[in-house]
Amino acid sequence: MSTLRQQIIAHIKMSDAGADRVLHEVAGAADVAGALQGRISTPSVFIIRGSNRRDDNGRTETLADQFLVLIAVKNVRDARGDDSSDAAENLSNAIASWLKPFTPQMAQGDQFDSLKRLRGSVQRWNDQVLVWGDTYQLTYVRRCCP
């Protein structure tokens, strides 16, 4: 079974398929530097596992894994006055709608609860690229005792 991060990448790629494809790249942490240096075309998205939390009540564990969805867009302004922050906002909203129906493949006995977008903020920018990051939390329950 693939990791949750890999499943999210596959889901975004599938959602962005076809003639209306928007993203040039959907990848992981190793490719973020390439986007910042202009070696990877924009717009691109990078999925990075951020943190996890486990709460155990003796019968079940509630697990919450957080993922950072980094959105890299070209740092420019167009003739209408839209700029990179508008492009990042539009992509952030599109990705949120793509992830709304996402249900991960879970290990046997695990029960998916929810995937929520918690917050977003500018992560970094330079003359070429603006990077926006949305934090998502995926929560699921694991039966831990007989």
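This is a short walk through the fold, the packing and a few side-chain contacts of one predicted model.

Okay, ground rules. Since the model is predicted, local features need pLDDT of at least 70 and side-chain atom pairs count only at pLDDT 80 or more, while totals for chains, interfaces and linings use all residues. Residues are numbered from 1 along each chain as its sequence is written, and side-chain values use heavy atoms, with hydrogens and water left out.

Let's start with the sheet. Five strands make an open sheet, ordered E1-E2-E3-E5-E4, with mixed pairing. At the edges sit E1 (25–27) and E4 (110–125), each pairing on one side only. On average, neighbouring strands are turned by 20° against each other, direction ignored. For the bookkeeping, helices (H or I, at least four residues) and strands (E, at least two) are DSSP runs numbered from the N terminus, and two strands pair if DSSP finds at least two bridges between them.

Now the pairings. E3 (60–74) and E5 (129–143) run antiparallel and are joined by 15 bridges; Leu-68 has Thr-135 in E5 as its bridge partner. On to E4 and E5: these two are antiparallel as well, over 13 bridges, and they form a hairpin with three residues between them. Here Arg-119 stands opposite Thr-135 in E5.

What packs on this sheet? Helix H1 (4–15) does, touching E1, E2 (44–56), E3 and E5, at about 140° to the direction of E2. Helix H3 (84–99) packs there too, touching E2, E3, E4 and E5, and its direction makes about 145° with that of E3. Contact means heavy atoms within 4.5 Å; axes are lines fitted to C-alpha atoms, for helices over the stretch in contact, with angles from 0 to 180 degrees between N-to-C directions.

A bit more on H1. Leu-4, Gln-7, Ile-8, Ile-9, His-11 and Ile-12 are buried in this helix, where buried means under 20% relative accessible area (1.4 Å probe, protein chains only). Their cover includes E1, E2, E3, H3 and E5.

That takes us to the cores. A nonpolar core is a set of buried Ala, Val, Leu, Ile, Met, Phe, Trp, Tyr and Cys residues joined through side-chain atoms within 4.5 Å. The largest has 26 residues, and Ile-12, Ile-47, Ile-95 and Leu-99 touch the most other members. H1, E2, E3, H3 and E5 each supply at least two residues of this core, with the largest share, six residues, coming from H3. Apart from it lies another core of ten residues, including Leu-36, Phe-46, Ala-72 and Val-131.

Not counting residues up to four places away in sequence, the neighbours Asp-134 touches include Phe-67, Arg-117 and Arg-119.

Last stop, Asn-57, in the loop between E2 and E3. A polar atom of the Asn-57 side chain lies 2.9 Å from the backbone nitrogen of Arg-59, and one lies 2.8 Å from the backbone nitrogen of Thr-60.

Technical notes:
Polar contact = N/O pair within 3.5 Å; in protein donor to acceptor, adjacent residues only side chain to side chain. Buried < 20%, exposed > 50% of the residue type's maximum accessible area, 1.4 Å probe, protein only.
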